[in-house]
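I opened my notebook for this one and went through a few look-ups in turn. Here is what I wrote down.

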Amino acid sequence: MFKGFREFILRGNVIDLAVAVVIGAAFTAVVTAIVTGIFNPLIAAIFTSGSMDDALIVTVNGSDIKFGLVIGAIIQFLIIALVVYFVFVLPINHLKKVAFFKGQQSPPTEEAAATPPTEAELLAEIRDLLAAQRSVGATSASQTPAGPPFPNE
């Protein structure tokens, strides 16, 4: 039971996920401050309201439906998505692409040279060696003089 738990915890993606959650929680505070401090007042000024939470309220049978609150949450989500894309996803994809092309142009490394050949490569090499051996055997046989192979015969 503990061995399985240890393997689960030591997986790389679990640790990456934990880091992402912590960074996401810290990042949420920044985005919330931006939305609350900048966007909510701008949108509230358009709708002549004190804050986004108080804008676009529709009362139905004594219940308040706060469309402004929903719009503020959508704006907050879009800001988070934009920042994550432009700060994390786009640069990492660019770096991966550059590294990929760099890997394509560089000469093979020692690791690539140390990898054993595939079965098809080995068979092709054996075929080429046998063909070379046959051609050498055929030329040497045609160059030997006719007569007994041994002088004592």
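I began with the UniProt record: its unreviewed entry lists residues 21–47 and 67–92 as "transmembrane region". I kept in mind that such annotations may be inferred rather than shown by experiment, and that the positions follow the numbering used here, with feature names shortened.

This is a predicted model, where local features need pLDDT of at least 70, side-chain atom pairs count only at pLDDT 80 or more, and totals for chains, interfaces and linings use all residues. Residues are numbered from 1 along each chain as its sequence is written, and side-chain values use heavy atoms, leaving out hydrogens and water.

Next I checked residues 67–92: the chain there is 100% helix and 0% strand, with its end C-alpha atoms 36 Å apart. Helices are DSSP runs of H or I with at least four residues, and strands are E runs of at least two, numbered from the N terminus.

Then I searched the whole structure for aromatic pairs and found one. Y85 and F86 have ring centres 5.1 Å apart and planes at 80°, so I noted the pair as edge-to-face. (Rings of Phe, Tyr and Trp, the last by its six-membered ring, pair with centres within 6.5 Å; planes under 30 degrees apart are stacked, over 60 edge-to-face, the rest tilted.)

My last look-up was salt bridges (a Lys or Arg side-chain nitrogen within 4 Å of an Asp or Glu carboxyl oxygen). There is one, and it joins the side chains of R127 and D128 at 3.1 Å, N to O.
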